[in-house]
Amino acid sequence: MNQDLAFTLQKYKPTYHPVVEIDAEKDKIIPFDFTAANKEISPELIADTTNFSAWVNEKLKTEKATFGIGGYNENRTLYSRSNLFNGVQARTLHLGVDIWGVAGTPVHAPIGGMVHSFAFNDNFGDYGATIILQHNLDTTSFYTLYGHLCLADLTEMRVGKFVTRGEVFAHFGEPQENGNWPPHLHFQVIEDIGLHMGDYPGVCSIKEEGKYLRNCPDANLMLNF
């Protein structure tokens, strides 16, 4: 993790607007484990988006929870469902935080920023509709990535558009527009985005974990759960 950026994010943590608003009196949040330790997650289950979505919904219903959350630096078995992650080095290490919930859930900007880029990454297992914002804190520039959104959210985007703190600028997408996943938000912090536009790896190989975890500090530093 980049210690300077992590320090700055921690410093301003009390000021962030919730990326997904939680009613502390009504909304229960549960952790989701997608590592090999979770024996409920079988290749057959995750291969079928409808069945996988039903499993997520049933977990939330059984626990009487509004959202499931987790995933940063988690070595996941999920990505065997898509050839997108199966290269010379299989990509299994998650670089963001996922918030699992209902399609259409509003997504808020945690702080003000500008639209850096956006895209419809329409591959099975990909981000689907994606928006990346650029921010500055204490002269430190960094980016936040929002994946698995509603495709309609992209119609309101333009590069350089300013997004204010707390503004609803996106929503959780349905599977057909979010890369064929159960509805959720992938939220990731990135220091150096390089030449990427509308996309950035949200999963890396174990071999490259040092490089990517340094560039992508724990997104929990910005989430007010």
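The side chains of S117 and H116 are joined by a polar contact of 2.7 Å. A polar contact here is a pair of N or O atoms within 3.5 Å; within protein, one atom must be able to donate a hydrogen and the other to accept it, and residues adjacent in sequence count only if both atoms are side-chain atoms. This is a predicted model, in which local features need pLDDT of at least 70 and side-chain atom pairs count only at pLDDT 80 or more, while totals for chains, interfaces and linings use all residues. Residues are numbered from 1 along each chain as its sequence is written, and side-chain values use heavy atoms, with hydrogens and water left out.

The side chain of S117 also has a polar atom 2.7 Å from the backbone nitrogen of G198. S117 belongs to strand β6, residues 113-121; strands are DSSP runs of E with at least two residues, numbered from the N terminus. Its relative accessible area is 2%, so S117 is buried, meaning under 20% relative accessible area with a 1.4 Å probe and protein chains only. Not counting residues up to four places away in sequence, S117 touches I131, I132, V159, M197 and G198, where contact means heavy atoms within 4.5 Å.

T130 lies in strand β7, residues 128-137. With a relative accessible area of 0%, T130 is buried. The side chains of T130 and N121 form a polar contact of 2.9 Å. Leaving aside neighbours within four places in sequence, the contacts of T130 include F118, A119, N121, L145 and G198. As for A65, 65 residues from T130 along the chain, the C-alpha atoms of the two residues are separated by 26 Å.

Terms used. Helix = DSSP H or I, 4+ residues; strand = E, 2+ residues; numbered from the N terminus. Buried < 20%, exposed > 50% of the residue type's maximum accessible area, 1.4 Å probe, protein only.
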